[in-house]
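Please read them alongside the sequence and the coordinates.

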Amino acid sequence: MSLFLLGLVIIFTGGFISLLSSRKAGFASFLAAAGTVAGSIIAIIPAFQVLLYNKAETLRLNWSIPSGSFYIQIDAISAFFLIPILALSAIVSIYGTEYLSAYRQKKNL
């Protein structure tokens, strides 16, 4: 589960840093795409492990809300849907970066 969460953190960090960069920097869209690709590759590993070994990945964190906890689980069906979502996210980020490169100097991408 820690690899999955690390992948999500990398995806969001790459997007957030590219949001804070100026459009003149030129590497903002590359940074977002690289973060998405790297994060997707890292996050897809636990999904494949769940499908191969048929053992769910679970994270449960307690907090101060009565009878409440933060609970995430990747089971077989969620892994089945995570794999195409993460793979398509990586592919679309690469395609989108190249497709929108013509507008890089005209608009804040």
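**Notes on the model**

1. Ser29 is part of helix H2; helices are DSSP runs of H or I with at least four residues, strands are runs of E with at least two, and both are numbered from the N terminus. The relative accessible area of Ser29 is 19%, so Ser29 is buried, where buried means under 20%, exposed over 50% and partly exposed in between (1.4 Å probe, protein chains only). Leaving aside residues up to four places away in sequence, Ser29 touches Thr97 and Arg104, contact being heavy atoms within 4.5 Å.

2. This is a predicted model, in which local features need pLDDT of at least 70 and side-chain atom pairs count only at pLDDT 80 or more, while totals for chains, interfaces and linings use all residues. Residues are numbered from 1 along each chain as its sequence is written, and side-chain values use heavy atoms, with hydrogens and water left out.

3. The protein has 3 helices and 2 strands, in the order α-α-β-β-α from the N terminus. Its radius of gyration is 17 Å, well over the 13 Å that the globule rule gives for 109 residues, so the protein is more spread out than a compact globule. The radius is taken over C-alpha atoms, and the rule is 2.2 Å times the number of residues to the power 0.38. The C-alpha trace spans about 50 × 35 × 15 Å along the principal axes. Of the 109 residues, 25% are buried.

4. Which residues of H1 are buried? They are Phe4, Gly7, Ile11, Gly14 and Ser18. These residues cover an arc of only 95 degrees around the axis, which puts them on the same side of H1; the arc is that of the directions from the helix axis to the C-beta atoms. They pack against helix H2 (28–53), strand E2 (69–74) and helix H3 (76–99). The face of H1 turned away from this buried side carries the exposed residues Ser2, Phe12, Leu19 and Leu20.

5. The largest nonpolar core has 11 residues: Met1, Phe4, Ala43, Ile44, Ala47, Val50, Ile74, Ala79, Leu82, Ile83 and Leu86. H2 and H3 each supply at least two residues of this core. Such a core is a set of buried Ala, Val, Leu, Ile, Met, Phe, Trp, Tyr and Cys residues joined through side-chain atoms within 4.5 Å. Not counting residues up to four places away in sequence, Ala47 touches Ala79, Leu82 and Ile83.
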